[in-house]
Each structure stands twice: as C-alpha cells, then as structure tokens.
Protein chains: 2
Amino acid sequence: MAQKPKLQTVAQLAGVSLATVSQVLRGAGRISEETRKKVQLAAKQLNYVPDGRAAAMRSGQNREIGMVIHQIANPFNAEVISGVSDLLESEGYLVSVLDSRDDPAKEARNLEAFIRSARGGLLWVPAGEIHERALALLATHSMPTVTFLRKVVGASFDHVGIENTAATAKATHYLADLGHRNIAFFGGVGMGQVRKERIAGYVQTLQERGMPGPIVWESADTKLSGLDAAVALHDRHPEVTALVCNGDMVALGACLALPRLGLEAGKDISIIGFDDIADAAVATPSLTTLAVNPSMLGKKLARVLIDRIREPLMPQVCVTVPTQLIVRRTTGPLAACR
Amino acid sequence: MAQKPKLQTVAQLAGVSLATVSQVLRGAGRISEETRKKVQLAAKQLNYVPDGRAAAMRSGQNREIGMVIHQIANPFNAEVISGVSDLLESEGYLVSVLDSRDDPAKEARNLEAFIRSARGGLLWVPAGEIHERALALLATHSMPTVTFLRKVVGASFDHVGIENTAATAKATHYLADLGHRNIAFFGGVGMGQVRKERIAGYVQTLQERGMPGPIVWESADTKLSGLDAAVALHDRHPEVTALVCNGDMVALGACLALPRLGLEAGKDISIIGFDDIADAAVATPSLTTLAVNPSMLGKKLARVLIDRIREPLMPQVCVTVPTQLIVRRTTGPLAACR
DNA sequence: ACATATTGATATAACGTTATATCATCGGTC
DNA sequence: GACCGATGATATAACGTTATATCAATATGT
C-alpha cells in the first residue's frame, strides 16, 4: 500500500530505464523479448496504471472524448449514449457525458469544461439556442467536433442527424391513407432545428393532399406535459382525429389523456410517436411510431468522430439516417361517423 | 484563429510574467489591482482556458470526479446522477459517469479508466459481483471513494445507502393491515446486498404477523421482464393477492400483465413499487410505492465525497436514508371473497 | 539614517509521461 | 582489422501548468 507506482517505480523493479518501460507498455520501439517480459511482470506486480494526463499532455493525443447532450434523461438519448460508448470504448476511448438540460448557459459551461480538460474529441447535441461564448471558445480551441441531431447553422462541424422531414411526411401520408383529414402536429416547444424540420414534413404533406390545417400544438417533452397538452388541444380543436407527435414521450402522454376525454386510441383517434423508445412497444395500447435504431445511430456518430480525429483534414461530413414507420395499435382507420 | 492560447501567450499580451498570470487567474498571491485588470483583460481577449490536465498534475488536485454505476438507463439512477452533478458542479467539480451494465469485467475497466485519468474522487454503485482486479487497483491507487446503494463488504469506503429493510417491512405491514395474507416479494435477480436487505424486511414482517410464505419471485429490472414474470407468478401461485416489488420498473411491468390475467390493480391485487420514478405517478392506475427523493439522495452522496476529499483522515462515513410509503391506486383492501 | 518589514512581481523546479536523439554492442563483409 | 548496418537500450528535452524561493522596491520603526 506504499505509494502510487509510477514509471520510475516499474523501471527500478525491472532494472531498466524509464524509456524502456514506456516503450514496452505502449508496444513501441525495438525491445527484446526478454526485457519485455521482465517489464510486464514488474508492472503487473505493482498494479501500475499509467497517468493518462501526463501521457495525453506530452503526446498531444487524448483518448478521452466528451459528449454534451441537451437532455440525458430521455430514454432515446440514453440508448444513443450506450451505442456511442460501446463503439468508442472498443476503440480504446473513454466517453464522458454532460447534461445541458436545454440551458444554453449550462451548455456553454459544459463545453468549456471539456475544453479545459482538453478532451480528444467532442460529441454535441446542441440545446435550443447557442451561447455566444460557446462558439467563440470552440473556434479558438479547435477540437474534433461532431454535432448530433441538431445542426449548428453556419458552423463547419461534422454532423449526424435524422431524416426528420421525410419521417413526418411518411407518418402524415399514412394517416391520410387511413382516411384522417384533421391531423395535428403535437409536441415540442419553440422552433429548434429538429422540430422545424418535422413540422415541415407534416405541413408539406397536408398541402400536397389538400387537407385542412396545419395545427401545431406545443408541449414539453415529458409524459405529464403531454397529458395536459392533449387535453387542451382536444378542448380547442375537437375535430382533430390524428396526431403526428414530436416524440414518444409526449405521444404516450397524449394516450394517457384519452380515457378522461372519452376517446380510444386506434379507434376515435390515431397517434404516431417518434423515436420508438422501449416503452412504446410495451404500453397499452402499443404505440405506432417512427423508429430509428438509436444504438446504430450512436455507433455511426462515434464512427464519424473517430474518422475526424484520425484524418483532421477530411472534408466536412454530414450524414442523415432514414426512419422506419412501425405500425402498432394507436393508429387505425377513421371511424365512419362521429 | 491562430494557435491555442497558453499561459505564455496571455503573459506576453499582458506584459507580465508567467507566474503573475497564473496567480491572477487562480486568485492567489499578492497582486496589485492594476496588473490584475490587465491580465484578466488579456485572458478574456484571447479566449484563454487553462489546461486542466497540467494544472491537476502539478497541483496534485483534480476537480474531475468519476462515477461508476451499474445501470445508467434506469430512471431512478438518472435522477440521482442529476442530483450528484448539480451539487458537485456548484462546488466547481465536473462529474463523468460510466455505465457498467451489471458486468463486473466492464466495471473493473471503468474503474481502471478513472484511475488512469487520476480523477479526484470516485462515486461507485457496484455491480453484483466485484472483480478481483478492481479492488486491487483501488487499493494501490488510493483515491477518495464513496460507494452508493450497494456496500462492498469488508471494504473501508464511505457509503451512502437506503434503509431497505425498514422500507419493505413498512410496505408489508401496510399490506397486512389491508387484510392481505398471501404476499409475494417480486423482482430483482440473485442475492445482491440490496435485494437481500429488502427481502429480509419482507420476511421478518411475514414472520412477526404469522403469515404464510415467503414467496420470492425473480425478474430482471425492466417492464417487459416484469410483465412475463408476473404471468408466471400468477400461474404458479394464484393465491397471492399482494406484491412487494424490488423496483418500480418491475412493478409497472406486473401492472401491465393484469388485464390478461383478468385482475384489477387495487382491487383483486395490490402492488407496491420501490423508487417512485416519474412514471409511477402518471401510470394508470398510479403506483403505490416506496419513495426516496433521488436528487436529495444524490446531493447527500456528493456531500460525503466532498467531505472526504477535503478531509482525507476523517473516520469512515456510513449514511442510510429512510423511505416514505406513497399510497396511490395500486393498493387496496383485500376483496372479501374470491 | 539604518535595519526591518511589507508589497508586488518574477525565475525556476517540479508533476509523470512520450518523442527524439544518442549510444553502445554485435555480426557480417571486403 | 576497419567499416557498415542492425539491434537494443538509454539520456534528455519537452508538454502547460503551479508551488516555492527569490528579489527589488518601497514603507515602517527607532
């Protein structure tokens, strides 16, 4: 239990120099099999773990990468994070995640924290508005950065996102095919990039097919908010028979409101969520939703970052992945009369 | 957009020495008001952010702390993490969380990763079994460590946990008072510390009140598993009219099974969860549960770690916080005849 | 006026690694 | 036996901070 072992300690025990130990442990340079064995044994005996800070500082590389996300508690995001971590850890990186809680000031602090510790790369799901200081800092301390889901307009970061417009267009078409004419877009707050794109797909389809509307209804991204908002929407627009939702959480919240409105999902009203979180399949009735495999998405995100780290001069990358409509029990044909 | 500014750059711009800049930025030493202003201006102009690695290395202090948790996706844990981060960030620390997925090998790798980067402190929710190597590494590289929820037997780490035994005893008494006699303990897997304590409270109460049983039924900690397990339990033990659950997730899973078993929660069967996650209040019917404020718990955890960091010689701390029974709609008096 | 504090600034040696250059030693070739 | 190219090991200077010691210059006390 003496002192924390360092390179020097291992070198003394093995009877070789500092440099030799360093080379053996990194698998670099030309070392004889004999001394290699000696050093490895000594390191094992001492429970030696190299100091990553010193290594990162000297080598100019940092195998810790930082992720700044607008909301960590969301189950969809949680799965994405798993996917990201899996791939990056298998490549020898370590991922730490900071939650901005949709607060630009906190987001700026998070980014600064990662700059301070000189992370080797940055994964960033921007909050609604972006703090001035955040961009300034990121510009001076240039580090490999990939934005995710939400794009920073006018910035040159790599990006991985979802085909939002195509997704909600698909959903709206599907509802129209079922005979629905009064369709609302439900959930989300403000006019962030993602919500704007999703609303665009919905509105476009409405116009293409000559349907009334659009009706866009706000709700924070929790079940409870979704419940309240759904009641309010029904109060104001009782004619609506279908909802294209901004996320599964609000969609499930809306489902919770139905009993007290005297409606049944899939019969009186059709609801389509977004994300396909675990609860969507298990809820009663199960939720029709727009799915994108979150762990695959996370892996793609990680892959782009790794490429950028390895190849700093690579041209800007921008990937969007398609969604899949998973039909379950909250959607059905428009009831003939009501 | 030149190069990343360092202490030297700021010093040149301000026309002072390295040491002076360092002192100004840390608020240490004796510096005249005039030069202080000059330095701060220069730092601001350059968007200077100090390199935390170098600072940590030289000063021997690290304001980054690591958290290793058995399962990050669990909503209760997510709220605890929020509480932890809030308090620690307000004290100038940065928290990074690693998920072990209940895998001792991954847990050991996570702990090693934090040792490698020489985090200033460690928050640790151990997985079921503990890897030999993890304890060996932690022993040689002694760092301030607080275990959470699950205790490591025979170790000298500080600990913050929940009064598990008292909680399930309270729940079981409550069900008995409602007239239930055939009560099962539902959920969890294996004989980890926490589950053992909770089962103990349940069994003790059964014996005290001369009731039949015990019946202990396993289920993994997801809604889906809970659903399946509940069906199986009802199949094997149809006489059971009440469940004390190991967590809200399995409790809600069990609730999902009821319709297809022809039972109604709060009437034919009573169910008590554990954790009071957000879904518990919003589910239909709402879930009676044993609550412990997760964010308060997280804050207490963070507080213990900070105390340990500040006062390394302080005697070992061990805190357990009580739970509160929140009665909602999944519990009710035993139906007279069935 | 002389020793003695006090103030404000600076020079410099760490912290634990890695990268580069250097240096022996040996076997082979002409 | 002088020269050369491998091979295997080592010495040493960074990386960007902070802590300590040092040093002028000014203020204080007798």
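Reply: In this predicted model, the charged end of B:Arg198 is placed over the ring of B:Phe274, at 3.6 Å from the ring centre. Chain A has an arrangement of this kind as well: A:Arg63 lies over the face of A:Tyr93, and its distance from the ring centre is 4.3 Å.

Next come contacts between rings. A pair of aromatic rings is described by how far apart the centres are and by the angle between the planes. Over all chains, a search of the whole structure finds four aromatic pairs. One of them is formed by A:Trp124 and A:Phe157, with centres 5.9 Å apart and planes at 70°. That angle is over 60 degrees, so the pair counts as edge-to-face. The two residues are 33 apart in the chain, and the pair links distant parts of it. A:Trp124 belongs to strand S3 (residues 121-124), whereas A:Phe157 is in the loop between strand S4 (145-148) and strand S5 (158-162). A:Trp124 is buried, with a relative accessible area of 0%. A:Phe157 has 17% relative accessibility, and it counts as buried because the cut-off is under 20%.

A:Phe185 and A:Tyr202 make another pair, with ring centres 5.8 Å apart and planes at 45°, so this one is tilted. A:Phe185 sits in strand S6 (residues 183-186) and A:Tyr202 in helix H9 (residues 193-208), so the contact ties together parts of chain A that are 17 residues apart in sequence. A:Phe185 is buried at a relative accessible area of 0%, and A:Tyr202 is also buried, at 0%.

The remaining topic is DNA strand C. Of the 22 residues around it, those that come nearest are A:Ser22, A:Arg26, A:Arg58, B:Thr20 and B:Ser32. By class, this surface has nine nonpolar, seven polar and six charged residues. Helices H2 (18-26) and H4 (52-59) of chain A, and H2 (18-26) and H4 (52-59) of chain B, each supply at least two residues. H4(A) gives the largest share, four residues.

A side-chain N or O atom of A:Lys6 is 2.8 Å from one. A:Leu7 uses a backbone N or O atom, at 3.0 Å. For B:Thr35, a polar side-chain atom lies 3.0 Å from a phosphate oxygen.

Notes: Residues numbered from 1 in each chain as written. Chains lettered and ligands numbered in written order. Predicted model: local features only at pLDDT ≥ 70, side-chain atom pairs only at ≥ 80, totals over all residues. Heavy atoms only, no water. Near = heavy atom within 4 Å. Polar contact = N/O pair within 3.5 Å; in protein donor to acceptor, adjacent residues only side chain to side chain. Nonpolar A, V, L, I, M, F, W, Y, C, P; charged D, E, K, R; others polar. Phe/Tyr/Trp six-rings, centres within 6.5 Å; stacked < 30°, edge-to-face > 60°. Buried < 20%, exposed > 50% of the residue type's maximum accessible area, 1.4 Å probe, protein only. Lys NZ or Arg CZ within 6 Å of the ring centre and 35° of its normal.
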